[in-house]
Amino acid sequence: MPVYNLLQSVQRLRLLFYSLITSAYEFRPNDWNPLPVKINNTELATVVSVNRSWVSRTLSRWGEMGVAKKDGRILLLHASLFSDFPRILPAGQIFHLNSI
């Protein structure tokens with residue numbers, strides 16, 4: 001069984017967002033990071049293996065928590081949503097965002 005399937009739904013969504021952001025540009029560790037692709041909640045639900053309403057509720061909850069917001073049609077995610085994710089430095093060092 002792939003490791004991805006063992007992760008909880010919230011972790012899978014966060015990992016998807018983090019992967020999309022870091023593959024497109026340098027992650028902003030203390031700021032808002034725009035999601036670099038246009039993807040709707042139905043498509044997100046398919047990728048994360050949940051239903052669309054779960055994605056909508058999760059994004060709304062994150063909005064209430066102050067870690068997600070919309071700027072027009074662009075989804076902005078605050079770095080604090082990923083504070084427990086390790087980062088890879090160009091030199092190959094690995095560190096956690098909250099260690100900087």
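The legends below describe close-up views of a predicted model.

**View 1. Helix H2, from residue 9 to residue 24**. Helix H2 is built from 16 residues, and the distance from its first C-alpha to its last is 23 Å, which is close to the 22 Å expected at 1.5 Å a residue. The residues of H2 that are buried are Arg12, Leu13, Arg14, Leu16, Phe17, Tyr18 and Ile21.

**View 2. Strand E3 and its pairing with strands E1 and E2**. Strand E3 covers residues 74-78, and because four of its five residues are buried, this strand is largely enclosed by the rest of the structure. Strand E1, residues 32-34, pairs with E3 in the antiparallel sense over three bridges, and within this pairing Asn33 has Leu77 of E3 as its bridge partner.

**View 3. The hairpin turn between E2 and E3**. Strands E2 and E3 form a hairpin in which two residues lie between them, and Gly72, located in this turn, has a positive phi of about 70°.

**View 4. The largest pocket and its lining**. The largest pocket holds about 360 Å³ of space, and the elements that each contribute two or more residues to its lining are helix H3 (41-48), E2 and E3. The lining consists of 15 residues, and those nearest the centre of the pocket are Ile39, Lys70, Arg73, Ile74 and Leu75. Strand E2 supplies the largest share of the lining, namely three residues, while the lining as a whole divides into nine nonpolar, two polar and four charged residues.

Methods. Residues are numbered from 1 along each chain as its sequence is written. This is a predicted model: local features need pLDDT of at least 70, side-chain atom pairs count only at pLDDT 80 or more; totals for chains, interfaces and linings use all residues. Side-chain values use heavy atoms; hydrogens and water are left out. The expected span of a helix is 1.5 Å times one less than its number of residues. Buried means under 20% relative accessible area, exposed over 50%, partly exposed in between (1.4 Å probe, protein chains only). Two strands pair if DSSP finds at least two bridges between them. On a 1 Å grid over the protein atoms alone, a cavity is a set of points where a 1.4 Å probe fits but cannot get out, and a pocket is an open set with protein on both sides within 12 Å along at least five of seven lines; lining residues have an atom within 4 Å of a point. Grid points are joined across faces, edges and corners, and a volume is the space filled by probe spheres set on the points. Ala, Val, Leu, Ile, Met, Phe, Trp, Tyr, Cys and Pro count as nonpolar, Asp, Glu, Lys and Arg as charged, and the others, Gly among them, as polar.
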